[in-house]
Amino acid sequence: MSKHKDKELLKKRKKKKEDKKKRRKNLSEEIKVSLPHKFSLLENYEIVLSFINSLLKRVSHKTKVLTLNMMDIKSMDVAALIYTKIILRLLKKGNKNLELRGYYPSNHKIKDFLIRSGISIGEEEKLSIFKIRDGKKVNTNLIPEVIKDLENENIKISLASQKALYSILLELMDNTEQHAYPDSTKENNWYFYLQPQEEKIKFVFLDSGEGITETIRKQNFSLSINNLEKVSLANTFDDSTILRMALAGYRVSATRKSNRNKGLPNIFNRSQLEEIKNLKIISRKAVFNFNNDLDLIEELKGTLFYWEVDIIWCMI
């Protein structure tokens with residue numbers, strides 16, 4: 001009798017151990033997450049980046065299903081949408097068997113925005129003429145294509161805004177190519193998206209490279225003061241200050257080389273002239289937002305540029 005009881009007890013323990021192992025395996029194979037209520041990368045920096053960075057840490061090659069619960073989202077901006085979509089694309093690239101599931105927001109306006117932007121779960125995608133464009137090198141055809149897409153939707157912007165758009169996009173695409181990761185296995189793409197909304201167009205450009213501030217720190221740039229004294233940027237200033245200096249056109253130079261960084265000051269000057277509006281930049285842990293620069297705890301992978309232009313004529 002005693003031997004029989006011992007045998008039954010061992011069987012129960014073995015089954016309990018196997019069940020526990022199975023549950024752990026299932027947990028690693030399926031990940032369920034709820035998105036923040038205020039899913040705005042341009043306002044709710046830390047919360048949104050913390051959420052996305054946790055996905056990057058948790059999803060592995062063993063993960064079979066990623067379920068996104070978006071039901072409680074109350075607000076979302078185009079920057080958060082595009083950055084999330086690109087991160088999901090990178091996760092799929094690293095795990096080709098990853099299946100994306102989810103629940104759409106209860107808010108029908110946000111749900112429609114998601115679907116039109118190309119995030120469709122369990123239903124047919126609503127095609128939008130404004131798609132995410134991407135590349136690794138400078139694409140001179142991008143700007144004429146964007147202007148044509150806008151005109152096809154009867155949306156016009158001023159000639160000054162068109163010139164600014166041409167100049168900015170060329171600068172940003174060139175920066176992506178020039179400041180890519182030295183390691184060719186890492187992501188070195190640019191991504192571009194626009195969203196017409198009421199009387200303005202919102203533009204988002206993401207450079208997935210090392211980031212402005214990281215590039216400056218790694219190359220050991222120094223700041224020339226009155227063309228005499230040189231101060232090491234990496235050891236003296238925080239990231240947001242370095243980003244603002246680069247935008248303002250301070251003379252930044254590497255050892256025995258001059259780099260006047262004309263691209264970023266050009267973008268900043270066009271913002272000052274109001275050819276573009278509401279310029280915001282997030283580069284890794286640095287945020288440029290005019291009088292509200294920040295140094296973040298969480299980190300964005302690369303550099304994100306956001307700006308707006310006014311629509312001068314629209315008939316939809």
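The protein averages a pLDDT of 82, and 75% of the residues score at least 70. pLDDT is the predictor's confidence in each residue, from 0 to 100. This is a predicted model, where local features need pLDDT of at least 70, side-chain atom pairs count only at pLDDT 80 or more, and totals for chains, interfaces and linings use all residues. Residues are numbered from 1 along each chain as its sequence is written, and side-chain values use heavy atoms, with hydrogens and water left out.

**Overall build**

- The secondary structure comes to ten helices and 18 strands. Helices (H or I, at least four residues) and strands (E, at least two) are DSSP runs, numbered from the N terminus.
- Of the 316 residues, 46% count as buried. Buried means under 20% relative accessible area, exposed over 50%, and partly exposed in between (1.4 Å probe, protein chains only).
- Among contacts with a separation of 6 or more, 68% come from residues 24 or more positions apart. Contact means heavy atoms within 4.5 Å.
- Over residues 253-261, pLDDT stays under 50. For this stretch the model has 13 contacts beyond four places in sequence.

**Largest pocket**

- The largest pocket has a volume of about 610 Å³.
- Of its 24 lining residues, F113, R116, Q195, P196 and Q197 are the closest to its centre.
- β4 (75-76), α4 (108-116) and β8 (190-197) are the elements that give two or more residues to the lining.
- A pocket, on a 1 Å grid over the protein atoms alone, is an open set of points where a 1.4 Å probe fits, with protein on both sides within 12 Å along at least five of seven lines; lining residues have an atom within 4 Å of a point.
- Grid points are joined across faces, edges and corners, and a volume is the space filled by probe spheres set on the points.

- S208 sits in the loop between β9 (200-207) and α7 (212-218). S208 counts as buried because its relative accessibility is 9%. Its side chain reaches the backbone oxygen of N189 at 2.9 Å.
- T241 belongs to helix α9 (residues 239-248). Its relative accessible area is 28%, so T241 is partly exposed. T241 and D293 are 52 residues apart along the chain, and their C-alpha atoms are separated by 8.1 Å.
- W307 lies in strand β17 (residues 303-310). With a relative accessible area of 1%, W307 is buried. W307 and L194 are 113 residues apart in sequence, yet 9.7 Å apart in space, C-alpha to C-alpha.

Terms used
A polar contact is a pair of N or O atoms within 3.5 Å; within protein, one must be able to donate a hydrogen and the other to accept it, and residues adjacent in sequence count only if both atoms are side-chain atoms.
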